[in-house]
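Biologist: Before I rely on any of the labels attached to this chain, I would like to hear how each one is reached.

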Amino acid sequence: MEEYLILAVAAFFAGTLNTVAGGGTFLTFPALVYTGVPVVAANATSAVAVFPGYLGGALGFRSELAAFDRSRLLRIAGFTAIGGLIGSLLLLVSSNEAFSMVVPFLLAAATLIFAFGARIQTWARRHGSGGGEAGEGRLSTLVVSIYGGYFNGGLGIVLLALFSLWGMRDLNTMNGLKNGLSFILSAISVATFALAGIVAWPQALVMMAAATIGGYAGAPLARALPPAVVRAVVILVGTVMSLIFFVRLF
């Protein structure tokens with residue numbers, strides 16, 4: 001019961017963080033590892049735990065998605081699904097030992113992406129070609145989706161920066177597309193992990209419920225807390241978790 005309580009609390013605050021600013025993976029993944037779930041299964045279970053939140057986010061921006069060019073949206077979604085599948089399959093062939101070696105670096109990279117997300121997006125806007133997802137944009141979509149299928153920490157910030165590189169400027173449209181693609185990518189990942197039998201379902205179900213409640217509770221919190229405070233909390237959590245996993249590795 002103590003372990004499930006830890007997982008429920010971690011998932012609740014992860015759902016809240018994802019609603020407010022993102023970074024829920026920094027809580028769900030370490031909590032699963034702490035309670036004894038092997039790292040590969042923990043990563044898969046963490047993806048399942050936060051999955052419902054993406055659907056809610058996508059539905060919240062359904063009008064922006066409906067206004068998006070349909071043929072272009074389908075092309076982007078197709079590359080996202082392919083990349084998510086490749087990333088998920090890469091996780092399946094990773095041993096716990098190999099994944100344990102890359103986890104600290106992935107967590108640290110995700111923390112840096114979150115910390116410097118605004119600068120990354122500003123740089124992306126300055127260098128955005130406005131050429132849509134054509135050409136090299138298709139490759140970048142594929143690469144980002146592979147990362148998301150393998151380990152989705154910081155995925156939202158990476159996607160927003162990618163859209164800026166495409167020349168997109170409307171934040172609501174970008175957030176709608178971000179949530180929609182995250183849902184597609186996560187659906188592919190969850191299906192792959194479930195079929196492979198690496199999801200710890202008892203823990204996942206508890207965390208899904210807690211994350212959903214936390215996501216709902218996060219809406220008024222997002223309006224009340226200063227953004228700088230929320231960002232500082234996420235960066236602090238990400239830094240601490242990265243250091244813990246580096247210590248475990250070395």
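Predicted model: local features only at pLDDT ≥ 70, side-chain atom pairs only at ≥ 80, totals over all residues.

Biologist: What does Gly23 touch, leaving aside residues up to four places away in sequence?

Modeller: With heavy atoms within 4.5 Å taken as contact, Gly23 touches Leu17, Asn18 and Val234. The C-alpha atoms of Gly23 and Leu59, 36 residues apart along the chain, are separated by 20 Å.

Biologist: How do you describe the packing of H5 and H10?

Modeller: Two packed helices are described by the angle between their axes and the distance between the axes. For H5 (residues 70-92) and H10 (residues 171-196), the axes come within 9 Å and cross at roughly 35°, and the crossing is right-handed. Residues that meet there include Leu73, Ile76 and Gly84 in H5, and Leu177, Ile184 and Phe193 in H10. The residues of this contact divide into 15 nonpolar, five polar and no charged, with Gly counted among the polar ones.

Biologist: How do the transmembrane annotations at residues 73-92 and 180-199 compare with the model?

Modeller: The unreviewed UniProt entry places "transmembrane region" at both spans, among others. In the model, residues 73-92 are 100% helix and 0% strand, with end C-alpha atoms 28 Å apart, while residues 180-199 are 85% helix and 0% strand, with end C-alpha atoms 23 Å apart.

Technical notes
Residues numbered from 1 in each chain as written. Heavy atoms only, no water. Axes fitted to C-alpha atoms, helices over the stretch in contact; angles between N-to-C directions. Helix = DSSP H or I, 4+ residues; strand = E, 2+ residues; numbered from the N terminus. Left-handed = near helix turned anticlockwise from the far one by under 90°. UniProt positions renumbered as here; feature names shortened; annotations may be inferred.
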